Amino acid sequence: MWNEETGTQAGELTYPFLGRGWSFPPEFDKINRGLELTAGALDIENSLRLLMGTHPGERKMFPEYGVDLTDLMFESLTLGLQTRIKDIIERAVLRFEPRVLLDEVIFELKSWEGILYLHLYYTIRATNSRTNLVFPYYLLEATDI
């Protein structure tokens, strides 16, 4: 729950000047009858997860928002493809999440699970603190494997 006095989410040390927004996925506070909010580094992480999990065209009022890797799903993970994926991610983060500077994208392929883990290492510009996000990209989603 959001604490107005300290500018923090319950149990979290954060910087309120980094912004705050809806929790992701959206949750409701039954006691105060309002939305759960996140702030600071957690809000930035939620924003990046939302960006990575949204396909362009999915948001009707903001059709260019998102990262689209679906056309690359069945390609072999060559160095050229890794470079192309990094470029797509870097452009999206630069355009839609100006609070961070993307430092590096690292690939971890678990082919037996059908998952490509994208490790995003980034620096929060306002605090100059480095952190990372691991985003699982499911290559064999909705199969019986």
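In the predicted model, the protein chain contains two helices and nine strands, and these elements follow one another along the sequence in the pattern β-β-β-β-β-β-α-α-β-β-β. Of the 145 residues in the protein chain, 35% are buried, while the accessible surface amounts to about 9,300 Å², with carbon and sulfur atoms accounting for 54% of that area. Among the contacts in the protein chain that have a separation of 6 or more, 38% are made by residues 24 or more positions apart.

The largest nonpolar core comprises 26 residues, and within this core the residues with the most contacts are I85, I89, L118 and Y122. Two or more residues of this core are supplied by each of the elements α1 (40–53), α2 (79–96), β7 (100–110), β8 (115–124) and β9 (129–138), and the contribution of α2, at six residues, is the most of any element.

Attention then turns to H119, which is found in strand β8. The relative accessible area of H119 is 13%, and this residue is therefore classed as buried, since the term applies to values under 20%. The side chain of H119 is joined to that of E108 by a polar contact of 2.7 Å. With neighbours within four places in sequence left aside, the residues in contact with H119 are E104, V105, I106, E108, L133 and V134.

Definitions and conventions. Residues numbered from 1 in each chain as written. Predicted model: local features only at pLDDT ≥ 70, side-chain atom pairs only at ≥ 80, totals over all residues. Heavy atoms only, no water. Helix = DSSP H or I, 4+ residues; strand = E, 2+ residues; numbered from the N terminus. Buried < 20%, exposed > 50% of the residue type's maximum accessible area, 1.4 Å probe, protein only. Contact = heavy atoms within 4.5 Å. Areas by Shrake-Rupley, 256 points an atom, 1.4 Å probe, with all protein chains shown as cover. Core = buried A, V, L, I, M, F, W, Y, C linked by side-chain atoms within 4.5 Å. Polar contact = N/O pair within 3.5 Å; in protein donor to acceptor, adjacent residues only side chain to side chain.
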